[in-house]
Amino acid sequence: MADLSQQLGAWSKAVASMDMTTSSEQMLNMIAALKVPGVNMDALVASQRDNLEALNAANQAAMEGMKAVGAWQAKLLQETMRELTAAIGKLSQSGSPQQLLAAESDLAKKAFATAVGQMQELTQIVIQANQQASAAIAKRIPESLGEIKDVLKLPEASGKA
């Protein structure tokens, strides 16, 4: 079990160490150096930087969700192994075939109820991670669309016809 926890921990550290901000910053600096007529490159770079920050926040939320699911799965595996060991011990103590059948029936009912509860718990973990990731992007989209006028150096409407 410790091996699984160690592997999950190592994997999450490796994924978290993938820092896209450095390469993105280099790309944005190259774009800023370009001179395109009719385009405010400073506004474009600022807008894209904000877009990248929103994407990074969404990725972080998704990563946290994946880590939560992994931790939940490891916990579930440990609990299942403990319960299975206890159930096998109880079944071996059953006397008559009727007692064994009753014990197996109770065990199946409990296993089903546990599985349903665990699926509901997993669903909540995934929903929360998806909501956090989506919120970061959904917040940024209207802001980004509002910045287009600044990027394209569009003149203000003067009201004259």
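Trainee: In which helix is Ser144 found?

Mentor: This is a predicted model. Ser144 is found in helix H4.

Trainee: Is Ser144 buried or exposed?

Mentor: Buried means under 20% relative accessible area. Ser144 has 18% relative accessibility, so it counts as buried. Leaving aside residues up to four places away in sequence, Ser144 touches Ser47 and Asn51.

Trainee: How should I read a salt bridge, and which residue meets Lys139 in one?

Mentor: Side chains of opposite charge can pair when their charged atoms come close. Here the side chain of Lys139 meets that of Glu143, at 3.2 Å from N to O. Both residues lie in helix H4, four residues apart, which is about one turn of the helix. Lys139 is exposed, at 57% relative accessible area, whereas Glu143 is partly exposed, at 36%.

Trainee: With which residues does Arg140 form salt bridges?

Mentor: Arg140 pairs with Glu143, the closest N and O atoms being 3.3 Å apart, and with Glu147, where that distance is 2.6 Å. Arg140 counts as buried, at 6% relative accessibility, and Glu147 is also buried, at 19%. Through shared partners, salt bridges join Lys139, Arg140, Glu143 and Glu147 into one network.

Trainee: Which residues make the nonpolar surface patch?

Mentor: Leu55, Ile137, Ile141, Leu145, Ile148 and Leu152 make this patch of about 500 Å². Helix H4, residues 97-146, gives the most to the patch, with three residues. Leu152 is found in the segment after helix H5 and counts as partly exposed, at 39% relative accessibility.

Methods
Residues numbered from 1 in each chain as written. Predicted model: local features only at pLDDT ≥ 70, side-chain atom pairs only at ≥ 80, totals over all residues. Heavy atoms only, no water. Patch = residues over 30% accessible without salt bridge, like charges linked within 9 Å, V, L, I, M, F, W, Y side chains within 5 Å. Areas by Shrake-Rupley, 256 points an atom, 1.4 Å probe, with all protein chains shown as cover. Salt bridge = Lys/Arg side-chain N within 4 Å of Asp/Glu carboxyl O. Helix = DSSP H or I, 4+ residues; strand = E, 2+ residues; numbered from the N terminus. Buried < 20%, exposed > 50% of the residue type's maximum accessible area, 1.4 Å probe, protein only. Contact = heavy atoms within 4.5 Å.
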